[in-house]
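The following exercises concern a predicted model. Please work through each task before reading its solution.

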Amino acid sequence: MNNRKSRWVWQILSANFLLFLLVFPILAQPDPNPDSPTPILISEPNSTRALALPDSKFLRGNVSRIESRAFLPDSKVVLYVTNLDLLADEGASAFRIYVEDAKGRKYRFPVLDIQPLKGQEWIYALTVRLKDELGFWEEPLADGDVLIGITWRGLASNRVRLGFGKTGGDIKDDAGAVPTPAPTSPIKKSINVEPNYVGYLYSGDRTRFMEQATFGPTSELDTRIRRVGLRTWLAEQFEAPYPTNPYPNLALMPINIDPNTCDAICRRDFYSMYPVQNWFFKEAFYGEAQLKHRVAWALSELWVISGVDTQQASWMIAYHQLLSKNAFGSYRDLMYDMTLNPGMGNYLDMVRSTRNNPNENYAREILQLFSIGLFMLNQDGTLQLDGSGKPIPTYDQNTVNNFTKVFTGWTFCNQACQNSAPGLVNYKDPLILNQNNHDVTAKTLLSYPGAVNQTIAAGQNGATELNQALDNIFYHPNVAPFVSRILIQQMVTSDPTPAFVGRVASVFNNNGSNVRGDMKAVVKAILLDPEARGNIKTDPNYGKLREPVQLATNVLRQFDVQSASGGAQSDGYINQIVAPMGQNAFNSPTVFNYYTPDYVIPGTALNGPEFGILTTGTTIARANFMNTMVFSRVPVSSFAPLGTSINLSEMQTLAAADTTGNRLVDTLNTRMMHGAMSAQMKSTILTAVQAVASTNTLLRAQTAIYLVATSSQYQVQR
Amino acid sequence: MTQNRREFLKKSSCALGMVTLATQVEHFGLMSALAQKVDSQEEANVPSDYRALVCIFMAGGNDGNNTVIPNHNDASLSNYSAYSAARNTQGLAIAQNALLPINVPRMNGLTYGLNPNLGTVAGGINSGIHELWVQGKMAIAANVGTLIRPMTRTQYQNGSIAKPFQLFSHSDQVSQYQSGRSDAFSFTGWGGRISDRRTAPDNPNGLIPMITSINGAQLFTAGQSTLPLAISDSRTTLANVLNPQGFNTSAESQARLAAFNQLRAQDLSNNYVAAASRITEQAMVANQALGSNPMEVTVPFPNSGIGYQLKQVARLIKKRGDLSINRQIFYCQIGGFDTHNGQINGQSSLLSQLSQAVRAFYDEMVVQGVSNNVTTFTMSDFSRTFNPAGSGATVGSDHAWANHLFVIGGSVLGGNFYGMNTSNGTPYPTLVMNGPDDADSGTNARGRWIPTTSVEQYAATLGRWYGLADADMPIVFPNIGNFPTTNLGFMQP
């Protein structure tokens, strides 16, 4: 597919719908049905007790003759599952087994193996070890039945009973649980009526896709994706010009600002994060190249620099330009550009690191945070363990010392570069090498099987060494799973299965044309993965808390974000009401980002990075953000030339058209919650809507939107 | 109007809140420490006094080498010359005549010096914490750090004893300080685990959790069954820190508030939704308790981040009666100590902010009559290399290990160093690169002191004063048994 051609065709087609109908099917890339089947755990014929047997007795054959009973802790047990549709290389790591005991405590048991039964290939034998792998609670007591369920691709199976130590006990079946005996033939897939025109008809998945790939769904974007489908839209996005709103063109900051020529307003407008933040939000609201903006933002939370360190807009812009330049490029190029970015050089002290006075900061963080992490990983992102079950460090202090030497000698290009100016620190052009300050001794770098450039010979030029060292990092096997997992967490779900991470990592390692680190391929692999796609996700551990920036842009874009009085675009000045939610854009408190990818939610064993900034205080700030935007606006002020508001006229029309409020709430359900709003939630919101006079359509719309937008059900993107 | 709004918020949120609460207790043990069964022997022992621990985390890794400095010329121990020789050329040494002298009985009565920013400073509003040393209200725990068990330099170098994982890495060392264990990942912090054990017996009727963070979500504050309150600093009043805006007394608004409250009890099958709802629920419950009878401090606090945080702590302490709290743990943080460069200016400013704020807080506690009941202590990621990084105006230092920590309060046996002895027979390390206390070796050794006292021992000493029973020590500090004592002696018995 020639993307340029596709876009060109699209432009013509938009103007001529008839031609569109004739030509488009030839160019479109087909999108499959995004819904995976929902796995079913097989029970005994007449009860909800799991059909299960000890692993030692496992025989491939007649399932119906198996007798279920209690199982010992730490033993291996075979369960049976049906209604799956596995990819060629999809195995145990795509599944998780969750267990709940009579005390309501939750555990996770490792899945060891999955195999189809001979002669009954629609049934799979799933081998599980009865031992908790989360470690939040002590091991469950072997004193009676537990409920056991599996998850796969964001979908949860039914839960069945399993005798743990013995059968019986206090635990109750899930409401509505029924026996799920082994089917005698494959479960027929529901027949999809083939659409008579090309398009992506899965509205729940369209909304989910927009949440993952953009700064939030809009009606316009939804219509477009419905027409062209996900793959064509992605192809188009990979070529879309960026940014739609030009980067602010800001001068380098003088070392001493003359208050007579530059007052506080001038400093705000040229040297603080204010213009960067306003540009960023405006581009998130209205930019056409949404995917690039989104990926660049995700990368900014990985390769962190912060305005807290130096409040200079020009260097933050220069840094962001490198993120967006490489967002669909090569990760290796990104590593090089970031290393020599003057903002990064200042933030992590590389510009001050010399042969005689080395500074470890950048050497340590590029390894720990930007590329390989602290421990050896399997290709699916799980930890490698040594013989005694301990994780294996990727490097030690000695490695850091050696990388520190590699990174010595670089400094700002204050003369002879494009943006050099007398007396100014050049935060725009890449750092340059002063070979005299470079440590030319030999270095020993990362060691791994087949290590590239593990040693660097003495006496070389620093620029040569830099590339050798970056290759040493880039070819480390950790890079693919480490980076893939973080990007999945940023876009799709906080705790992806190892199978998902593994699929993306394999694309990172090789895009199909023997290219490593192809970001376009990686982003595509993430967004089109079966674990990312689907109309409904029921896995209790699927999804992610919307970070404040995403929460804000998703709600505002949903309701046609505009200037304070309408009729024009917003000026993007909303950071002041986003920051109290715990995320002050481009002012991360440390190089560890606003939150860390490994954050575990207190009181649980759940990995939920964004929960690192959700507290009693910020959860109320989130509600107060909604209060401001739904019931009021960001007014015009000296900071906000145009202000920001949302447009509720469409919602008011819906409220007027149906005085029961159902159409209003149903529309919010479709657009904000993938159509997955529970009956209970809908009824609760309707009660509040109906308490407002039906003639007051504005207050009805505001009430409904406030309640959806402040609910945890919405604030968790899932 | 405010009163009315509060009143109705209370009414509607109370009624609905209880439903929500009941549901969530069942599902996740929300506030379960409050609901926990109290051991019968403890039931009668609700404390009659008040005690609070206030943690101040100096984020980024404070350079202990420039915080507590030898100010003597005794040749038998590292003296000022040893310090100056290692740091002066690059511009990182503090002039001897600027040091604030402290006499240290444990160091054979020798004089040491505090960083000059811990005393009277230009533009300050009080005379800082140096005076508290003189008054015997401040102690220093010397050469403290993350350890799995005691470790000599030889053992460190030959690997015969397990090291804390990922030494010198910010995130890991912060986690280990806060979790109170260095041998494994932990879901909980030591403050949280104390809260798990002590909430039911000590605060049976508490209206807010035992732990409050004024600096966001922190591992230190997370327990297995209890969650902390996290609120913003004193720039927001207690009545407003958790107050959702935009509700009024109209029927429409009340219906919306009712729905807002009900939604939190729904759709809890997704664990992320449940976790978010749990936090909002906790905020709404606490909001009712904080809304009325505002308390204000009387001592002036500095206008700094840490000043605002400690002022908010002081307000909450003043309100302890309303909140039915007998034992309380607070978490505050001052960041910016990762001084790889610009350390002289950077650390000076931060230490003076710390000193001004802590002194104001101590004075406020005196005014409130609870200075003997409140103990403030510091922690930090790690100390920094004795050998400077860079030189001249931008000189800084890199990540290291053992550090010197402050403990302040009326119940502190102040005016002395505490901790296990280093190889030189005192708790203060030998300031020699590639010397007997340096983890580094060889000609490039940077001076990263190996700790002799563990974070657990430091924390257990504080925990014991707080009321943690001997039997609970190994539960709260799983590795405490590896160390010779659980009491460093800096707290009054």
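**Exercise 1.** Determine the strand order of the open sheet of five strands in chain A, and state which strands stand at the edges.

*Solution.* Step 1: the order in chain A is β3-β10-β9-β5-β6, and the pairing is mixed. Step 2: the edges are formed by β3 (70-71) and β6 (106-109) of chain A; each has a single partner strand, so one side of each is left without a neighbour in the sheet.

**Exercise 2.** Describe how domain 1 and domain 3 of chain A are placed relative to each other.

*Solution.* Step 1: domain 1 of chain A spans 40-164 and domain 3 spans 480-528. Step 2: their C-alpha centres are 28 Å apart. Step 3: four residues of domain 1 of chain A contact four residues of domain 3 of chain A. Step 4: on the domain 1 side, these comprise one nonpolar, one polar and two charged residues.

**Exercise 3.** Characterise the side of chain A that touches chain B.

*Solution.* Step 1: chain A contributes 60 residues to the contact and chain B contributes 57 residues. Step 2: the helices that each supply at least two residues of the chain A side include α11 (361-368) and α19 (616-631). Step 3: α19(A) gives the most, with eight residues. Step 4: the chain A side consists of 26 nonpolar, 30 polar and four charged residues.

Notes:
Residues are numbered from 1 along each chain as its sequence is written. Chains are lettered from A and ligands numbered from 1 in the order in which they are written. This is a predicted model: local features need pLDDT of at least 70, side-chain atom pairs count only at pLDDT 80 or more; totals for chains, interfaces and linings use all residues. Two residues are in contact if their C-beta atoms, placed from the backbone, lie within 7 Å. Helices (H or I, at least four residues) and strands (E, at least two) are DSSP runs, numbered from the N terminus. Ala, Val, Leu, Ile, Met, Phe, Trp, Tyr, Cys and Pro count as nonpolar, Asp, Glu, Lys and Arg as charged, and the others, Gly among them, as polar. Domain bounds come from an automatic or database domain assignment. Two strands pair if DSSP finds at least two bridges between them.
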